[in-house]
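Please open the structure in the viewer with the sequence panel alongside.

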Amino acid sequence: MTRTTRIRAALVTATAVVAAATVSVGVSAAGPEKSAHPAKPGKKQIAALFDAWNAALRTGDAEVVADRYAEDAVLLPTVSNKVRTDRAGIVDYFEHFLRNKPVGKKVRTIVDVLDADSAIDTGVYEFTLTDPGTGAKRVVEARYTYEYEKRGGAWLIVNHHSSAMPEG
């Protein structure tokens, strides 16, 4: 073996050793392999977000209900012609709506989980409302759409549309 051949062999070996060490350090620094994409929530988990919202209604506190909405949420409410696009507007709507002691119940729900951080729940629900003056109860059936986003680890409503059924 000539001197040039020995130098080349030494350089190739040294390069291979450095490359192997670099890969080993990279693998150990990365730790156990983690999925680059978090798991999507299940449809039941998204559907249950309505139950949490409905429980917030039962507190009778408009601020508690508004906490279920993102700061930049849009609310197209059932019993108001005003589009609500900020927390103050959402709180204002629920201050009035909660006077009727609403109790919601889903009639039909269709959940579409878009990805790990967004989902849509749409369908039909009904509210039993109690007139604050007379105590008379009435049931209002409405169509709904909730668009949810997971922000800061919490599922929040970013868009909520509710409209009374046109027939009935």
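Begin by selecting aspartate 121, which stands opposite tyrosine 146 in β4. Strands (E, at least two residues) and helices (H or I, at least four) are DSSP runs numbered from the N terminus. This is a predicted model, in which local features need pLDDT of at least 70 and side-chain atom pairs count only at pLDDT 80 or more, while totals for chains, interfaces and linings use all residues. Residues are numbered from 1 along each chain as its sequence is written, and side-chain values use heavy atoms, with hydrogens and water left out.

**The sheet**

Two pairs may be picked out here: threonine 109 stands opposite glycine 123 in β3, and aspartate 112 has isoleucine 120 of β3 as its bridge partner.

Now display the whole sheet. It is open, has 5 strands in the order β1-β5-β4-β3-β2, and its pairing is mixed. β1 and β2 are the edge strands, each pairing on one side only. From one strand to the next, the twist averages 20°.

**The helices on the sheet**

Select α2, which lies across β1, β2, β3, β4 and β5 and runs at about 140° to β2. Such angles run from 0 to 180 degrees between N-to-C directions, with axes fitted to C-alpha atoms, for helices over the stretch in contact. Then select α4, which packs on the sheet by touching β1 and β3, its direction making about 55° with that of β1.

Within α4, colour Gly89, Ile90, Val91, Tyr93, Phe94 and Phe97, which are buried (under 20% relative accessible area with a 1.4 Å probe, protein chains only; exposed is over 50%, partly exposed in between). The buried residues of α4 pack against α2, α3, β1 and β3.

**The nonpolar core**

Which residues have the most contacts inside the largest nonpolar core? They are Ile46, Trp53, Val65, Tyr69, Phe94 and Tyr146, in a core of 35 residues. Such a core is a set of buried Ala, Val, Leu, Ile, Met, Phe, Trp, Tyr and Cys residues joined through side-chain atoms within 4.5 Å. Among the elements that give two or more residues to this core are α3 (62–66) and β5 (154–164), and the largest share, 7 residues, comes from α2.

Centre the view on phenylalanine 94. Beyond four places in sequence, Phe94 touches Trp53, Leu57, Ala62, Val65, Tyr69 and Leu75, a contact being heavy atoms within 4.5 Å.

Move to leucine 57, in helix α2. Leucine 57 counts as buried because its relative accessibility is 2%. Leaving aside neighbours within four places, leucine 57 is in contact with Val65, Phe94, Leu98, Pro102 and Phe127. Leucine 57 and leucine 98 are 41 residues apart in sequence, yet 6.9 Å apart in space, C-alpha to C-alpha.

**Confidence**

Finally, colour by pLDDT, the predictor's confidence in each residue from 0 to 100. The chain has a mean of 85, and 78% of its residues reach 70 or more. Over residues 4–32, pLDDT stays under 50, and the model has 1 contact there beyond four places in sequence. Where pLDDT is low, the predicted coordinates should not be read in detail.

Methods: Pairing = 2+ DSSP bridges.
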